[in-house]
Amino acid sequence: MRIGRPILTDLDTAPERTAVRPAPRDTAGRREVLVCAAAGFTTLLDSAVLGIGLPAIRSSLDAGTVDVQWILASYSLTFGLALVPAGRLGDLIGRRRLFLAGLSLFAVMGLLGALAAEPWAVVAGRLGQGVGAGVVSSQVLGIISDRYSGTHRAKALAVYGTAGGLAGLIGPILGGALLGVGGPDWGWRLLLVLNVPFAVATVVLGALFLRRDSRSRSGATVDVVGLGLLAAATALLLLPMVSHFGAPRAVLSVLGSVLALGCFRWWERRYASRGGTPVLLPALMRARGYTLGTAVALFWFGAILAMNAVMSLYLIEGLGVPALHAAVVMSGSSLMMAVTSAFGWRVVARFGRAAVVGAIVAELFVVAGYVVAVNAVPRTSVLAVIAALAVVSGVASGFVDAPNRAMTLEYSPPGASGVAVGFLQLSQRLSATVSLAAVPGLYLAVLSADAGNYGRAMSAGLAVCAGMLLLSLACAVCDGRRRRQ
């Protein structure tokens with residue numbers, strides 16, 4: 001197999017990487033894909049409802065800015081840090097066991113978070129849920145990568161993407177209704193426990209329909225030191241963004257993060273030279289299609305999550321819109337993402353990176369439109385404009401998320417699908433961790449300094465999102481040029 005070969009332009013000729021590749025009509029294979037989609041829906045539902053319930057959590061628990069940043073960022077932090085070791089363990093001991101264990105942990109920690117009496121307890125629950133979701137997600141995409149290649153993999157990932165879009169659509173609406181029923185003190189608790197019944201149902205489906213793991217697998221090791229250094233680098237980068245550090249300590253923390261990254265790079269080379277399988281798998285790092293696709297996902301994912309978080313805060317706190325109404329205003333994004341994810345792979349298979357580039361450009365226009373709407377559109381019309389822009393954003397997401405994931409994973413080397421999936425998602429989750437801490441933090445800081453100036457606060461937060469989208473666009477353009485050459 002040639003790692004650098006552009007494969008997606010001819011999906012049906014993608015090389016076989018495992019012995020098990022069910023045909024589209026394989027009933028067992030379809031059931032597994034549906035179980036994976038159900039797991040994706042369950043874990044993404046959790047992310048979808050948090051933003052709509054954040055103002056109620058702030059009010060009920062008297063949570064400050066730092067608490068809000070940690071509540072937003074904690075889930076993505078542990079989600080990301082769990083991905084690579086879970087993917088490696090899936091290669092080693094089998095994916096079904098970890099899938100069921102991860103979902104069970106996710107459900108239990110959701111219950112604990114819903115019973116919290118202090119902001120730190122919500123953060124603790126979110127940290128535990130992040131671990132469970134990371135374990136599940138790495139197994140879901142690992143199962144799809146193991147079972148399918150080419151067009152069939154793109155179709156399976158499209159189903160997974162559609163499930164994510166439906167979670168984004170249904171979650172905020174259900175969450176808004178629960179907030180209305182439960183009131184400010186109990187509504188957010190009902191909201192945090194919303195995913196538990198779905199998790200239990202998915203555990204049952206997984207136990208029934210996922211193929212049983214083989215008793216032993218070989219060829220995989222867990223780079224504990226590498227993962228520890230990567231976790232340290234991430235935490236040191238995150239701390240100044242979610243804590244009231246003074247300038248000297250913030251600089252020291254960032255320098256510590258850079259030092260940890262340097263040590264991480266040195267250790268990875270040393271570990272690989274001794275025959276171990278490092279976190280940064282050399283074959284993946286040499287595949288430009290994989291690295292550029294991962295960079296596209298990294299900047300895109302963080303920008304979209306941060307943008308949606310500040311939009312929820314603005315609608316509920318800035319405009320005084322009830323949570324359910326705010327969810328309906330933004331629902332067009334998730335609806336159109338679900339619709340376009342179902343056929344977006346066909347468009348990208350035909351037009352390649354050009355379709356992804358066009359979608360990112362469209363999202364940049366959406367960000368600019370949000371800024372204009374907040375600052376210049378009359379209050380009587382601003383909700384309609386935001387709703388229309390959300391629809392365009394959802395269409396763009398459908399042409400970027402799942403198709404880019406399919407293109408990127410086609411470059412994973414044989415026997416390393418768990419590692420490839422884990423590192424791809426790790427990059428997204430680290431981006432989400434930093435973005436969800438930094439962008440809402442910037443928004444709240446500007447609002448605190450200039451009370452009531454929501455237009456200025458939104459412009460500052462969305463400017464950061466636009467910068468991330470520009471970086472994603474640059475990576476997509478570079479990959480498109482590489483493919484044409």
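Student: Which element gives the most to the lining of the second largest cavity?

Tutor: That is α13, with four residues. Keep in mind as we go that this is a predicted model.

Student: What is the general idea behind looking for such spaces?

Tutor: Rolling a probe the size of a water molecule over the atoms shows where empty space is left. In this case, a search of the whole structure turns up three cavities of 30 Å³ or more.

Student: How much space lies in the second largest cavity, and which residues line it?

Tutor: The second largest cavity holds about 50 Å³ of space. Its lining is made by A297, W300, V400, D401, N404, R405, L424 and Q428. At least two residues of that lining come from each of α10, α13 and α14. By class, four of the lining residues are nonpolar, two are polar and two are charged.

Student: What is the volume of the largest cavity, and which residues are closest to its centre?

Tutor: The volume of the largest cavity is about 980 Å³. There are 41 residues in its lining, and S47, A48, G168, L305 and N308 are the closest to the centre. Elements that give two or more residues to this lining are α1, α2, α4 (119–147), α5 (150–192), α10, α11, α13 (379–409) and α14.

Student: Which element supplies the largest share, and how do the classes divide?

Tutor: α10 supplies the largest share of the lining of the largest cavity, eight residues. The lining of this cavity comprises 20 nonpolar, 17 polar and four charged residues.

Student: Now for the pockets. What is the volume of the largest pocket?

Tutor: A pocket is open, whereas a probe in a cavity cannot get out. Here the largest pocket has a volume of about 500 Å³. Its lining has 20 residues, with L230, L298, F423, S427 and L430 closest to the centre. Two or more lining residues come from each of α7 (224–242), α8 (247–273), α10 (288–318) and α14 (417–449). The most come from α14, which gives six.

Student: Let me turn to helix packing. At what angle do α1 and α2 pack?

Tutor: An angle over 145 degrees counts as roughly antiparallel. Helix α1 (residues 27–61) and helix α2 (residues 65–93) pack at about 175°, with axes 11 Å apart. Therefore α1 is roughly antiparallel to α2.

Student: Which residues meet there?

Tutor: From α1 come T43, D46, S47, L50, L54, I57 and R58, and they meet V68, I71, L72 and Y75 of α2. The residues of this contact divide into seven nonpolar, two polar and two charged. You have seen S47 already, as one of the residues closest to the centre of the largest cavity.

Student: What is A338 in contact with, leaving aside its neighbours within four places in sequence?

Tutor: A338 is in contact with T162, G165 and L166. Between A338 and L166 there are 172 residues of separation in sequence, yet their C-alpha atoms are 5.7 Å apart in space.

Technical notes: Residues are numbered from 1 along each chain as its sequence is written. This is a predicted model: local features need pLDDT of at least 70, side-chain atom pairs count only at pLDDT 80 or more; totals for chains, interfaces and linings use all residues. Side-chain values use heavy atoms; hydrogens and water are left out. On a 1 Å grid over the protein atoms alone, a cavity is a set of points where a 1.4 Å probe fits but cannot get out, and a pocket is an open set with protein on both sides within 12 Å along at least five of seven lines; lining residues have an atom within 4 Å of a point. Grid points are joined across faces, edges and corners, and a volume is the space filled by probe spheres set on the points. Axes are lines fitted to C-alpha atoms, for helices over the stretch in contact, and angles run from 0 to 180 degrees between N-to-C directions. Angles under 35 degrees count as roughly parallel, over 145 as roughly antiparallel, 65 to 115 as roughly perpendicular and the rest as oblique. Contact means heavy atoms within 4.5 Å. Ala, Val, Leu, Ile, Met, Phe, Trp, Tyr, Cys and Pro count as nonpolar, Asp, Glu, Lys and Arg as charged, and the others, Gly among them, as polar.
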